[in-house]
Amino acid sequence: MANLDGTDDSLKNDRINHIAISDCEKLLQKKVEAEKKKIRGLVIDKRGLASPLASEESTQISLQYIREQRDGLNKHRESLLNRVPKRESWAIFSLNSIEDKDLAYLSASTGDEFALLRGKKQDILYRGNSLHCHIEKDELLMNLLEGHKICLECHSHPDYGTIVPSQDDRDFIASFGQKSSRIVSSYTGKVITFHANRFDDLYKQEDVKNE
Ligand SMILES: [Zn+2]
């Protein structure tokens, strides 16, 4: 039906309908986009939150696989181990080529404790026995430690739950004036810092909490 202004009602209605539909579509599209963003956000958040836990868990599992000989060491760790084939031996590597975690993997693979000593220009990997790292028996290393040419960065422990530094560990670093060092668990890959003075473990932890 034609109106006085020459327009057709049905045409008008169509246009209104069309506008309404396209608005609806736009709204719907917006909603979908918003949902997508939300989902993307959730995924990112979830990943971000889960990653530290997930990586801790995966380290623990891969250490277990190495211990049970279901998996082998990677090339880097294999090459580290090849240089210290015997207990109570050590080898020099380039600076920062060894990480705390490497010690955990080497221990999981061999059942021996390992230590990382570090100077200004080199890393030293020390292989102990299944119970200790008797670095104090090695005259050359002791001279370097006492001359403050190197320090004991980290050593591995077969501690499952809480990592417990022994009194020997504390006395050892105190004997050449080092204040603190780290221990990595060969079961979990977790790392703690311990101090020559056992009371400093508590104070320093509280410092971290208060920050
Ligand atoms: Zn120890």
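**Loops, helix and burial**

Modeller: Gln 69 sits in the loop between α1 and α2 (75-83); helices (H or I, at least four residues) and strands (E, at least two) are DSSP runs, numbered from the N terminus. This is a predicted model: local features need pLDDT of at least 70, side-chain atom pairs count only at pLDDT 80 or more, and totals for chains, interfaces and linings use all residues. Residues are numbered from 1 along each chain as its sequence is written.

Biologist: What is phi of Gln 69 near?

Modeller: Near 55°, which is positive in a residue other than glycine.

Biologist: And is Gln 69 buried or exposed?

Modeller: Exposed, because 9 other C-beta atoms lie within 10 Å of Gln 69. The cut-offs are 20 or more for buried, 12 or fewer for exposed and partly exposed in between, counting other C-beta atoms within 10 Å, with C-beta atoms placed from the backbone.

Biologist: Where is Glu 88?

Modeller: Glu 88 is in the loop between α2 and β1 (89-94). Phi of Glu 88 is also positive, near 55°. Glu 88 counts as partly exposed because it has 16 C-beta neighbours inside 10 Å.

Biologist: Switching to Leu 63. Why does it count as buried?

Modeller: Because Leu 63 has 22 C-beta neighbours inside 10 Å. Leu 63 belongs to helix α1 (residues 9-67).

Biologist: Which residues does Leu 63 touch?

Modeller: Leaving out residues up to four places away in sequence, Leu 63 touches Ala 104, Tyr 105, Ala 108, Ser 186, Tyr 187 and Gly 189. Contact means C-beta atoms, placed from the backbone, within 7 Å.

Biologist: How many helices and strands are in the chain?

Modeller: 6 helices and 6 strands.

Conventions:
Two residues are in contact if their C-beta atoms, placed from the backbone, lie within 7 Å.
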